[in-house]
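Have the sequence and the model open beside you as you read.

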Amino acid sequence: MRRPVPVLIALSVTAALVTGCAGGAPDPAGPGPSALPVLEAGEADPMIAEGVSVVSGASLYKSSGLGPSAANPAAADGTPQSYIDAGQFPGGTLPAGVSLTEAQGMNALARIKENLEARGLRLDDVTSMRVFLDNAPGTTRADYAGWNRAYRQYFANTDLTTGETVLVPTGTAAPAAPLVRNPARPSRFALEVASLPVPGWLVEVEVDAVYPAGVTPR
């Protein structure tokens with residue numbers, strides 16, 4: 001049975017331009033970054049960070065809450081399965097270990113990417129993220145592990161020490177290259193809710209992004 005009271009699970013993250021984030025100092029050869037993540041010292045591959053500092057006068061962008069697109073014509077409208085991306089998972093069939101939340105999370109983050117690009121931004125410009133999760137039918141708790149696998153497909157998938165790509169598992173498959181290579185670690189919380197506004201949604205995401213220095217908002 002679904003719990004009637006939302007349960008808060010807060011995760012702190014941070015992001016935007018991770019190049020040079022350890023020292024937090026702008027490049028003297030050009031304009032400094034508009035946002036600086038606060039990362040725990042010595043961590044080469046944190047999923048999240050402790051916060052983000054935004055430079056005074058930086059231009060900000062805030063998205064609306066976005067969930068996955070209905071992209072699985074094989075499933076009934078308004079079901080969680082209808083929000084599986086059949087282009088990524090042919091026929092809407094999920095591979096071993098891939099959860100509905102994981103599949104919907106990847107779909108929702110693809111929409112976030114499109115939303116940002118329409119405004120002249122990229123995923124690595126994201127500085128904070130708010131995530132709302134509903135539990136899948138037949139479960140009693142939101143699938144945080146599935147969501148985090150989806151998140152790693154689009155965020156926090158480079159080693160901050162070596163710069164190398166961090167491989168990411170999809171379900172129980174062997175780790176492979178992420179869908180989008182992105183060093184950013186945005187500030188983030190994840191919250192379990194009793195329901196989401198669109199029938200069938202298990203994931204809703206909204207983000208804040210900072211325009212890089214020299215980029216005009218649109």
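## Surface and ground rules

The accessible surface of the chain comes to about 10,100 Å², and 57% of that belongs to carbon and sulfur atoms. These areas come from the Shrake-Rupley method with a 1.4 Å probe, and for residues only the protein chains shown count as cover. Buried residues make up 45% of the 218 residues in the chain; here buried means under 20% relative accessible area, exposed means over 50%, and partly exposed lies in between (1.4 Å probe, protein chains only).

Please keep in mind that this is a predicted model, in which local features need pLDDT of at least 70 and side-chain atom pairs count only at pLDDT 80 or more, while totals for chains, interfaces and linings use all residues. Residues are numbered from 1 along each chain as its sequence is written, and side-chain values use heavy atoms, with hydrogens and water left out.

## Overall layout

The chain has two helices and seven strands, arranged along the sequence as β-β-β-β-α-β-α-β-β. Both kinds of element are DSSP runs numbered from the N terminus: helices are H or I with at least four residues, strands are E with at least two.

Among the contacts in the chain with a separation of 6 or more, 73% are between residues 24 or more positions apart. Contact means heavy atoms within 4.5 Å.

## The nonpolar cores

Which residues touch the most other members of the largest nonpolar core? They are Leu116, Met129, Trp147, Phe155 and Val205, in a core of 36 residues. A nonpolar core is a set of buried Ala, Val, Leu, Ile, Met, Phe, Trp, Tyr and Cys residues joined through side-chain atoms within 4.5 Å. At least two residues of this core come from each of α1 (100-117), β5 (126-133), α2 (144-152) and β7 (203-210). The largest share, seven residues, is supplied by α1.

Leaving aside neighbours within four places in sequence, its contacts are Thr101, Gly105, Leu109, Met129, Val131, Leu133, Arg188, Val203 and Val205. There is also a second, separate core of six residues, including Tyr83, Phe132, Val193 and Trp201.

## A mostly covered helix

Eight of the nine residues of α2 are buried, so this helix is mostly covered. Among the buried ones are Trp147, Asn148 and Ala150, along with the arginines Arg149 and Arg152.

## Charged pairs

Side chains of opposite charge can pair when their charged atoms come close. A salt bridge here is a side-chain nitrogen of Lys or Arg within 4 Å of a carboxyl oxygen of Asp or Glu, and the count comes to eight. One of them joins aspartate 45 to arginine 185, with the closest N and O atoms 3.0 Å apart. Aspartate 45 lies in the loop between β2 (35-38) and β3 (51-54) and arginine 185 in the loop between α2 and β6 (187-192), so the pair ties together parts 140 residues apart in sequence. Aspartate 45 is partly exposed at 28% relative accessibility, whereas arginine 185 is buried at 1%.

Another salt bridge links aspartate 208 and lysine 62, again with the closest N and O atoms 3.0 Å apart. Because aspartate 208 lies in strand β7 and lysine 62 in strand β4 (residues 60-62), this pair ties together parts 146 residues apart in sequence. Aspartate 208 is buried at 13% relative accessibility, while lysine 62 is exposed at 58%. Both belong to a network of salt bridges that links Lys62, Arg130, Glu206 and Asp208.
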